[in-house]
Amino acid sequence: MAGPLHFEAPSALDYFATLVADDASLPLVEAAVAIAQDEFPELDTQSVLAELDALADRLRRRIPADAVPLQKLRWLNRFFFHELGFAGNVNDYYDPSNSYLHRVLATRRGIPITLAVIYIELATQVGLTARGVSFPGHFLVKLKMSQGEVVIDPFTGQSLSREELDELLAPYKRSRGLTGEFDAPLGLFLQSALPRDVIARMLRNLKEIHRSAEDWPRLLAVLNRLVLLLPQAWEERRDRGLTYAELGLNSAAVGDLADYLEHASDAQDRQAISARLAELRQQGTPRLH
């Protein structure tokens, strides 16, 4: 007679892997919420999604049935920025909590990208066409109106003019020599960000925070997600290898760094990474005592 069946709950990383497996069906908000499960293992993503649905429902009930997109946008902005009080966390911009959607929902404070994800979800649920924009240095939201596009800064709630966008972009263009005859048109920087790119940008924000703090265990958790999300981004594999090395996990480090060297054949840091790999191989796997 067969014994009882045991069903094991998928790990947080397995769950994330199923969410980001396919571009066509990648659920942006659910994947964004799931990022926090490394820090909050008990987090119930479905309850966070239900909380967002409830906010959208509150907003929907206020908007007249015959409202045109521009009127809906005004209702949305009033609700999101004034009534709910969402705003940029200017006092503690680099707090990791700003990257966790459920914490942003609770505190009403975040960074541009997390505020944008919530704003876009509410906009979409009330029938507006809203997309994220991976603008250099500052994530934005664009909304399609009958008279053209409106670009919103989710950090301040401001609607940005073409001149203001050009001004925001100027330092980036100068730093990359994209001025004068090599000038790049503004439209190039206002393209819609794909869900996978939004999640990658959220994770890279956390990656930078943990790397600056030299918090290797938390950095490793973020890099595990980035490697899953972007399997062809070999620099994430390299960074995970270097993080493994910091944690004394030499054989895992060797695997990732060898993968990086095999695939990133024209990388500028090949020599430095080859030297680090040789060093790790020489050290071998530490014995347990």
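Start with a bridge: Ala130 has Leu143 as its partner in β4. This is a predicted model, where local features need pLDDT of at least 70, side-chain atom pairs count only at pLDDT 80 or more, and totals for chains, interfaces and linings use all residues. Numbering starts from 1 along each chain as its sequence is written, and side-chain values use heavy atoms, with hydrogens and water left out.

Now the sheet. β3 and β4, residues 140-145, run antiparallel and share 4 bridges. Strands are DSSP E runs of at least two residues; helices are H or I runs of at least four, and numbering goes from the N terminus. Pairing takes at least two DSSP bridges. The open sheet has 3 strands, ordered β3-β4-β5, with antiparallel pairing. β3 (130-133) and β5 (148-152) each have a single partner strand, so one side of each lacks a neighbour in the sheet.

Next, helix α6. Residues 112-125 lie across β3, β4 and β5, at about 20° to β4. Contact means heavy atoms within 4.5 Å. Axes are fitted to C-alpha atoms, for helices over the stretch in contact; angles run 0 to 180 degrees between N-to-C directions.

Last, the second largest pocket. A pocket is an open set of points on a 1 Å grid over the protein atoms alone, fitting a 1.4 Å probe, with protein on both sides within 12 Å along at least five of seven lines; lining residues have an atom within 4 Å of a point. Its lining includes Ala130, Arg131 and Ile120. α2 (28-34), α6, β3 and α8 each supply at least two lining residues.
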